[in-house]
Amino acid sequence: MQRDPEAWENPMEFQPERFLRDAGKGDFQENSYNFLPFGSGRRVCPGIPLAEKMILYVVSTLLLSFEWNLPQGTTLDLSEKFGLVSKMQQPLIAIPIAKYSSLEHYL
Ligand code: HEM
């Protein structure tokens, strides 16, 4: 459903900016079933309120605090393998390098 070309333009392309262009389409609480990162219906994720509040904070802190590198000699491979949920064909190994020398900056 989330890759339905009738609902999404070029659904197989990674275009996070599509949610900025048409913010309404990124509403995962509506009932259009175009976008279901948290599932839907009776078994919908009960952690939505916590995730909504925390995800930006957690991701931005990780990006701000560390430089992320791939292991030497590897390249980023975003191909997927088929399954009940999407998984990467090659598991991602990302190496965090602390940006700041003093622990105080992380507290
Ligand atoms: C970005 C963060 C998260 C994503 C993308 C996510 C996604 C999902 C999805 C897709 C489901 C399955 C829904 C279905 O079966 O239709 C689910 C279920 C569930 N999630 Fe999350 N979730 C997130 C965060 C959380 C958090 C923070 C909590 C708890 C603090 C949580 C607790 C649960 C529980 C308990 C279920 C099982 C609900 C049931 O089967 O009745 N999730 N989540």
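This report covers the fold, the ligand shell and several individual residues of a predicted protein–ligand model.

**Model and confidence**

Residues are numbered from 1 along each chain, as its sequence is written. Because the model is predicted, local features need a pLDDT of at least 70 and side-chain atom pairs count only at pLDDT 80 or more, while totals for chains, interfaces and linings use all residues.

The average pLDDT of the protein is 88. pLDDT is the predictor's confidence in each residue, on a scale from 0 to 100. A score of at least 70 is reached by 98% of the residues. Among the elements, strand β1 (residues 66-69) has the highest mean pLDDT, at 96. Helix α1 has the lowest, at 87. Where pLDDT is low, predicted coordinates should not be read in detail. For the complex, the predictor gives an ipTM of 0.97 and a pTM of 0.79.

**Overall fold**

The protein has two helices and four strands. These elements are DSSP runs numbered from the N terminus: helices are H or I with at least four residues, strands are E with at least two. Along the sequence the order is α-α-β-β-β-β. The radius of gyration is 17 Å, well over the 13 Å that the globule rule gives for 107 residues, so the protein is more spread out than a compact globule. That radius is taken over C-alpha atoms, and the rule is 2.2 Å times the number of residues to the power 0.38. The C-alpha trace spans about 50 × 35 × 30 Å along its principal axes.

Burial tells its own story. Of the 107 residues, 0% count as buried. A residue is buried if 20 or more other C-beta atoms lie within 10 Å of its own, exposed if 12 or fewer, and partly exposed in between; the C-beta atoms are placed from the backbone.

Contacts come next. Two residues are in contact if their C-beta atoms, placed from the backbone, lie within 7 Å. Among contacts in the protein with a separation of 6 or more, 42% join residues 24 or more positions apart.

**Around the ligand**

The shell around the ligand consists of Pro37, Phe38, Gly39, Ser40, Arg43, Val44, Cys45, Pro46, Gly47, Leu50, Ala51 and Ile55. By type, the shell holds eight nonpolar residues, three polar and one charged. Here Ala, Val, Leu, Ile, Met, Phe, Trp, Tyr, Cys and Pro count as nonpolar, Asp, Glu, Lys and Arg as charged, and the others, Gly among them, as polar.

Cys45 carries the UniProt annotation "binding site", from an unreviewed entry. UniProt positions are given in the numbering used here, feature names are shortened, and annotations may be inferred rather than shown by experiment. Cys45 sits in the loop between α1 (18-21) and α2 (48-65). Cys45 is partly exposed, because 14 other C-beta atoms lie within 10 Å. Leaving aside residues up to four places away in sequence, Cys45 touches Phe38 and Gly39.

Val44 is in the loop between α1 and α2. Val44 has 13 other C-beta atoms within 10 Å, so Val44 is partly exposed. With residues up to four places away set aside, Val44 touches Phe38 and Gly39.

Ile55, another shell member, belongs to helix α2. Ile55 counts as exposed because 10 other C-beta atoms lie within 10 Å.

**Other residues**

Leu64 lies in helix α2. Leu64 is exposed, with 11 other C-beta atoms within 10 Å. Ser79 is in the loop between β1 and β2 (80-81). Ser79 has 7 other C-beta atoms within 10 Å, so Ser79 is exposed.

Asn10 falls in the segment before α1. Asn10 is exposed, with 9 C-beta neighbours inside 10 Å. Most residues other than glycine have a negative phi.

**Separations across the chain**

The table pairs sequence separation with C-alpha to C-alpha distance.

| Pair | Apart in sequence | C-alpha to C-alpha |
|---|---|---|
| Leu64 and Asp4 | 60 residues | 34 Å |
| Ser79 and Gly41 | 38 residues | 30 Å |
| Ile55 and Glu80 | 25 residues | 23 Å |
| Val44 and Leu84 | 40 residues | 17 Å |

Technical notes: A residue is near a molecule or strand if its C-beta atom, placed from the backbone, lies within 6 Å of it.
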